[in-house]
Amino acid sequence: MSNTFQVDLRGIVDLLSHHLYASPRVYVRELLQNAVDAITATDSQDGRVEITTGADALRITDNGIGLTEAQVHELLATIGRSSKRDELGFARHEFLGQFGIGLLSCFLVADEIRVHTRRAGAEPVLWTGYSDGRYEVRPGEEREPGTTVTLMPRRGAEHLLTGPTVTELAELYGSLLPVTVEVDGARVTTGVLPWESDREAYCQRVFGFTPFDVIELNVPEAGLTGAAFVLPTAVNPATRGGHRVYLKRMLLAENVEGLLPEWAFFARCVVDSTELRPTASREALYEDGLLTDVRDAIADQLRGWLVRLAATDPHRLARFLGVHHLGVKALALHDDEMLRLVEQWWPMETNMGRVTLAEFRERHGVIRYAATTDEYHQLSAVAAAQDLGLINGGYVYDADIIERLATVDQAVRAERLEPSDLATRFTGLDAETELRLRPFLSVAQRRLDRLGCEVVIRAFDPVTVPALYLVSRAAAFHEDFTTSRDKADDLWGGVLDALAQVSPPERPQLVLNHRNPLVRRVVALADPELSGLAVESLYGQALMLGHHPLRPADAALLNTSFLGLLNRAVTAEEQK
């Protein structure tokens, strides 16, 4: 047995009027939409909407097509019957909204709504609706074809129906409408698109900034025209800026999201469209295939602007990239044209100064990079001394861009610099020196064995660097692996122990620089305890200068070696 849903009409009215819309201020937009639709249905070239305010009520009158009594019942008192609405002739493409649903927004500010309407050739009708779900219909007074909606303000909402507030809202939502709109006798419509003339002044007035540049937008498929205003200052890429969107000259909302691709966070847009669809509340755009196509088309136009800027005004492009490089680099990850633009114009940090990828390739041939900023700081000075150019790929998207460039262009060689690669360029010691240093190396190795570090002596530049702590990716992985194993429970600890035995770990290296005067004095010490303390101190300094993370054991070693050296210095002074 089938049953019929029981509907609480008072609850439905409350739901639609108080929860569908974000603000009660939208009631003016909904009334204007209804009036414009009624005028559109007449195909009149002299449409007029008159709004009058007063202490007791607000009235909005249009010279549109009006309604018959049957249409009043179908459109104003039936929620959700779009098929009947189509049959009555109110579903034409040119219309902005749906008369019945839009009228419910007025219950945000009124307890009683009166609709006095007459269609040519039909009797006038007066429909009165109440916020508790009741309505009544009776014959109206004789009048010209058209409709007058009267709102009786509800307690607490009177300020929203005053002359200044209604004028402000009518100008906000309807100033661009192609019909005449007046509030208390004063015209609020201009009928022109202000961003098509004085764009910078419009941007300053509406968005609050003077644009870096203005990009014309045009998507014929969606009947869309407008402008994108490029922000003059950097913004958080995670913040999706809102855009001002008009549908058929009626303001949809001031902060619509989803119009631009995510990477275009550097622009704010104002557009008018005849084809995009609003959501039920008419405060956002409906996500469909057309909106996707519009987003792609606008992305192409923003991309074209960047390419033209690179070709015609490189200095201006450099200024733009200095502010909004993150957006362009994000686009370069999946767009070849933008990838080339970044390669040619965006200067990256290198150990030879800030240069573009194109300049770096011309100087060094191979694009060598450190994948993280810490890696770069560890290796940059020593790599420069070995005449190796190195790029800091640790900034957002930089390493990914370098790798993608090598994938797209077979002529590009890109290599991530490994610490072990750098060590192969160091000069080894002669056999006699190595033999003489064996006792010292034995002492040094015993002191650092418990930290899992191998001590070696090489000669390298710059001589001002006494020691270098080198960790290959394999060794870094092993350290992370060991930390995870220590924190795991018995079950997973056993699994990780088994994996650890698959291949022997590669140990980090403390490379002492034999060209450094301090290192030469340390290796010449006759006191094993003092030389051990010195090696521990050099180890700690190498960790800190290389921006390596300090483990608890490393911190403890730094403390004991410092105190040990301090004690030796004080003791030596006392013995003088």
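Predicted model: local features only at pLDDT ≥ 70, side-chain atom pairs only at ≥ 80, totals over all residues.
Tutor: Start with residue classes: Ala, Val, Leu, Ile, Met, Phe, Trp, Tyr, Cys and Pro count as nonpolar, Asp, Glu, Lys and Arg as charged, and the others, Gly among them, as polar. Residues are numbered from 1 along each chain as its sequence is written, and side-chain values use heavy atoms, with hydrogens and water left out.

Student: How many helices and strands does the chain have?

Tutor: Helices (H or I, at least four residues) and strands (E, at least two) are DSSP runs, numbered from the N terminus. Here there are 20 helices and 21 strands.

Student: What percentage of the 576 residues count as buried?

Tutor: Buried means under 20% relative accessible area, exposed over 50%, and partly exposed in between (1.4 Å probe, protein chains only). By that cut-off, 48% of the residues in this chain are buried. Contact range is another way to look at the fold. Contact means heavy atoms within 4.5 Å. Take contacts between residues at least 6 apart in sequence: 68% of them join residues at least 24 apart.

Student: Which strands does β3 pair with?

Tutor: Strands of a sheet pair through backbone hydrogen bonds, either parallel or antiparallel. The cut-off for a pair is at least two bridges found by DSSP. β3 (residues 110-118) runs antiparallel to β6 (residues 146-153), with eight bridges. Within that pairing, R114 has T150 as its bridge partner. β3 also pairs antiparallel with β4 (residues 125-130), over six bridges. There, T117 stands opposite V125.

Student: How many residues lie between β3 and β4 in their hairpin?

Tutor: Six, and G121 in that turn has a positive phi of about 85°. β3 itself is mostly covered, with seven of its nine residues buried.

Student: Which residues have a positive phi although they are not glycine?

Tutor: D184 has a phi of about 50°. It sits in the loop between β7 (180-183) and β8 (186-187). D184 is partly exposed, at 43% relative accessible area. K248 has a phi of about 55°, in the loop between β11 (243-247) and β12 (250-256).

Student: What is the strand order in the open sheet of three strands?

Tutor: The order is β19-β21-β20, with mixed pairing. β19 (454-458) and β20 (467-470) are the edge strands; each has a single partner strand, so one side of each is left without a neighbour in the sheet. Neighbouring strands are turned by 25° against each other on average, direction ignored. β20 and β21 (residues 509-513) run antiparallel, joined by four bridges. In that pair, A467 is bridged to L512.

Student: Which helix packs on the sheet and touches β19 and β21?

Tutor: Angles here run from 0 to 180 degrees between N-to-C directions, along axes that are lines fitted to C-alpha atoms, for helices over the stretch in contact. Helix α15 (residues 431-449) makes those contacts, at about 145° to β19. Helix α19 (residues 528-545) lies across β20 and β21, at about 60° to β20.

Student: Where is the cis peptide bond?

Tutor: It runs from D461 to P462, with omega near 0°. P462 lies in the loop between β19 and β20. Another loop, between α17 (490-500) and β21, holds E506. E506 is partly exposed, with a relative accessible area of 41%. V471 is 35 residues from E506 in sequence, yet 8.9 Å away in space, C-alpha to C-alpha.

Student: At what angle do the axes of α10 and α11 cross?

Tutor: Two packed helices are described by the angle between their axes and the distance between the axes. Helices α10 (residues 336-345) and α11 (residues 357-364) cross at roughly 65°, their axes coming within 4 Å. R340, E343 and Q344 of α10 meet L357, A358 and R361 of α11. By class, that contact has two nonpolar residues, one polar and three charged.

Student: How many cavities of 30 Å³ or more are there?

Tutor: On a 1 Å grid over the protein atoms alone, a cavity is a set of points where a 1.4 Å probe fits but cannot get out; lining residues have an atom within 4 Å of a point. Points are joined across faces, edges and corners, and volume is the space filled by probe spheres set on them. The count here is five. Of its 15 lining residues, R240, G241, H243, L260 and P261 are the closest to its centre. The lining comprises seven nonpolar, four polar and four charged residues.

How values were computed:
1 Å grid on protein atoms, 1.4 Å probe; cavity = no way out; pocket = protein on both sides within 12 Å on 5 of 7 lines; lining within 4 Å.
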